[in-house]
Amino acid sequence: AASPAGMESSQVAVVGSGLIGRSWAMVFAAGGFKVKLYDIAQQQLTSALENIRKQMKELEASGFLKGSLSAEKQLALISICTDLKTAVDGAAFIQECTPENLELKKKIFGQLDLIVGDNVILSSSTSCLLPSKLFTGLKHVKQCIVSHPVNPPYFVPLVEIVPHPETDPSTIERTYALMKKIGQSPVKLNREIEGFVLNRLQYAVISEAWRLVGEGIISPTDLDLVMSDGLGMRYAFIGPLETMHLNAEGISNYCERYREGMKLVLNTFGPVPEFSGETEQKISQAMSEKIPVVPKHLNARREWRDECLTGLAKLKKQMSSN
Ligand code: NAI
């Protein structure tokens, strides 16, 4: 049988059926993979399947379903299971999506380590736990890797691939190829670092945003506009480095022109904020006025965000084929 992306089989297991596990299941099914979705809570699995069905039907109706198979065919690829051994049996790739808790994840990888063979890839969705914390000491450490998605992975394709120092290069390559195959956008980190790359960039932005509002320079809602109607407009298409390249006659010219100015501004940045106290209250109040912190309003806004992201994904596809 054909083995997609150098995989032994076209079957994957998703361990944990919460927010991220559901989305991964949809992404793999869109890529034509058979998915076994595992959880310790039967009720989580049932609600995951219902939710996936609903989402796929809606996506199909609006023309945004990923992949070449119909929603029914994709749904038929996903099955649920509360036995870990059955879930991973025959899988070429296992994506772990359990709560962000080091002890729990270590326990799960310890269990997996005892039941898997030498070819399967053990991959974690963790947002902040380092591979050296998660995988050290496992018999199958060469097959272990972090594949950190961005929420919601179905609409935001980036995946940060972060190896353990002992991860085999072939594990990195196979994971990278698999992510490409299912339509995600993988990037490789050469070694682990706190926050990986996405959160380091995100925290740099959040921390300056917090300081600017805290110092009374700008209101919380205007701060957000600087990103959504300013910087973010181009960041959806080109990164900060290409931005530099295009905003002058190339990088060297940019550095020549702006080096001193950038250093001057950067030297005025304050210390790491506490993310508490008056500034927290001020930002919380402003955000809650815009979007009350109740499920109805939060969910409506999340749905709107996902619609925007879907539209943006479509536009990006159009623009890249031009
Ligand atoms: P969640 O709380 O929505 O889902 C966790 C699921 O794991 C639940 O269904 C729970 O029943 C299940 N579970 C608990 N113990 C288990 C066990 N022993 N075996 C199997 N399943 C078990 O969490 P969420 O948001 O889906 O996060 C999962 C992982 O993805 C975390 O590591 C998180 O850091 C990471 N992540 C989350 C993002 C987010 O924005 N929510 C973004 C990127 C990564």
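**Accessibility, charge pairs and packing**

Author: R305 is partly exposed, with a relative accessible area of 31%; buried means under 20% relative accessible area, exposed over 50%, and partly exposed in between, with a 1.4 Å probe and protein chains only. The model is predicted, so local features need pLDDT of at least 70 and side-chain atom pairs count only at pLDDT 80 or more, while totals for chains, interfaces and linings use all residues. Residues are numbered from 1 along each chain as its sequence is written, and side-chain values use heavy atoms, with hydrogens and water left out.

Reader: With which residue does D306 form a salt bridge?

Author: Side chains of opposite charge can pair when their charged atoms come close. A salt bridge here is a side-chain nitrogen of Lys or Arg within 4 Å of a carboxyl oxygen of Asp or Glu. D306 forms one with R305, and the closest N and O atoms are 3.1 Å apart. D306 counts as buried because its relative accessibility is 18%.

Reader: How many salt bridges does a search of the whole structure find?

Author: The search finds nine. One of them links K105 to E96, with the closest N and O atoms 2.6 Å apart; both of these residues are buried.

Reader: In which helix do K263 and E260 lie?

Author: Helices are DSSP runs of H or I with at least four residues, strands are runs of E with at least two, and both are numbered from the N terminus. K263 and E260 lie in helix α11 (residues 251-266), three residues apart, about one turn of the helix. They form a salt bridge whose closest N and O atoms are 3.7 Å apart. K263 counts as partly exposed because its relative accessibility is 43%, whereas E260, at 54%, counts as exposed.

Reader: Which residues of helix α12 are buried?

Author: In α12, the buried residues are T279, I283 and A286. Seen down the axis of α12, they fall within an arc of 65°, so they line one face of the helix; the arc is that of the directions from the helix axis to the C-beta atoms. E278, Q281, Q285 and E289 are exposed on the other side of α12. Among the elements covering the buried residues of α12 are α8 (198-214) and α9.

Reader: How does the span of α12 agree with 1.5 Å a residue?

Author: The expected span of a helix is 1.5 Å times one less than its number of residues. For the 14 residues of α12 (residues 277-290) this should give 20 Å, and the end C-alpha atoms are 20 Å apart, which agrees.

Reader: Which strands pair with β7?

Author: Two strands pair if DSSP finds at least two bridges between them. Strand β6 (residues 144-149) is joined to β7 by five bridges, and the two run antiparallel; P163 in β7 is the bridge partner of I145. β7 and strand β8 (residues 185-188) pair in the parallel sense over four bridges, and S185 in β8 is the bridge partner of L158.

Reader: Is strand β7 (residues 158-163) largely buried or exposed?

Author: Five of its six residues are buried, so β7 is largely enclosed by the rest of the structure.

Methods: Contact = heavy atoms within 4.5 Å.
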